[in-house]
Structure formats: C-alpha cells, structure tokens
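Me: I would like to go through a structure with you and learn how to read its features. Please show it first.

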Amino acid sequence: MKTMNATRLQQLIEAYGGNPQRWPPDEREAAAALLSTDGTSRAMLAQASEIDRGLDAVFGEHELQPLQARVLALASAEAVTRQTPPVRRRGFLSQLWQELGGFRLVAPTFATALSLAIVLSNWFDPQAADVPAIDNDLASLTLLATDDEDLLP
C-alpha cells in the first residue's frame, strides 16, 4: 500500500474532484487511510465535494459530456499547434542566403576571404613552424657523446 500525505491528497482532489471513485485506483486506499485519521484532509474533501455538487447542479451529466469533448478537442488542437514544424533545409538555406545579403554581398566577401587565405599561406615560411628550436650547446654535447661511443673498442 502506498503512503499518502496531505499534499498528495490535495493534488488528487484538485485534479479529480471530491469523488474518490474518480481518483486513480492505486491511491484510493492510501487516501482513505489518511482521511480516516486527519481532520484537515476531511475538510478538504468536504469542500471539494461541495464544489462538485454545485457544478453538478449547474451542469447536468448530459451537459458535461459535450463540454468535456470540446475541452479535449481544444487541448489536442493546442498540442498539435505547439509542435514545431519540421525545418525544411532548402527553405532555411535560401532564407539564410537572403538574410546575409544574397549574392551581391556574400560573393565578394567569400572571394576576399579566399584571396587572403592564399596570400597569407604563401607569405609565411611553412618550414618555420615544423623545426623545433634546439639549444646549440645541447646539440654539440649530443654529437660529442655519439662520437665517443664510436671510439670505444
């Protein structure tokens, strides 16, 4: 059996009303146990039952069904409109192209960037970045060490 607290009971009453038959079946027993011991919970249920009786007096059972159908239809229509339409790639790219200024603005910008890339890549020495800087004293010591090994018998 699940345990029930006053907060969860209030959520049940607000969602389903004061009639325990409308509540989820797996929570009815725990709610009944709480209602038998807690006076505040019984007062919440009595108030919800009074509201339910007032609504039943205004709306008969035969009048509630069309209202429920309209509410459900509106809720499903709202859920459909809330879904984002799929992004069409071609439309998105053409819109982006227009936002960027079209061919008159984008083509010269692209040509300038390409020209700068070609000029700058030829301007710098590509070998300069590949060769690590070595201390000359360290290099000469390394060469001496290898020469001495050749002299040993």
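Me: Where is the place of Leu100?

Reply: This is a predicted model, in which local features need pLDDT of at least 70, side-chain atom pairs count only at pLDDT 80 or more, and totals for chains, interfaces and linings use all residues. Residues are numbered from 1 along each chain as its sequence is written, and side-chain values use heavy atoms, with hydrogens and water left out. Leu100 sits in the loop between helix 5 (89-99) and helix 6 (102-123). Helices are DSSP runs of H or I, at least four residues, numbered from the N terminus.

Me: How many salt bridges does the structure hold?

Reply: Side chains of opposite charge can pair when their charged atoms come close. The term requires a side-chain nitrogen of Lys or Arg within 4 Å of a carboxyl oxygen of Asp or Glu. The structure has two salt bridges. In one of them, Glu27 meets Arg8 at 2.7 Å, N to O. That pair links distant parts of the chain, Glu27 being in helix 2 (residues 25-37) and Arg8 in helix 1 (residues 6-16), 19 residues apart.

Me: Is Glu27 buried or exposed?

Reply: Buried means under 20% relative accessible area, exposed over 50%, and partly exposed in between (1.4 Å probe, protein chains only). Glu27 has 9%, so this residue is buried. Arg8, with 29%, is partly exposed.

Me: Which residue forms a salt bridge with Asp52?

Reply: Arg22 does, with the closest N and O atoms 3.6 Å apart. Asp52 lies in helix 3 (residues 39-58) and Arg22 in the loop between helix 1 and helix 2, so the pair ties together parts 30 residues apart in sequence.

Note on methods. Helices (H or I, at least four residues) and strands (E, at least two) are DSSP runs, numbered from the N terminus.
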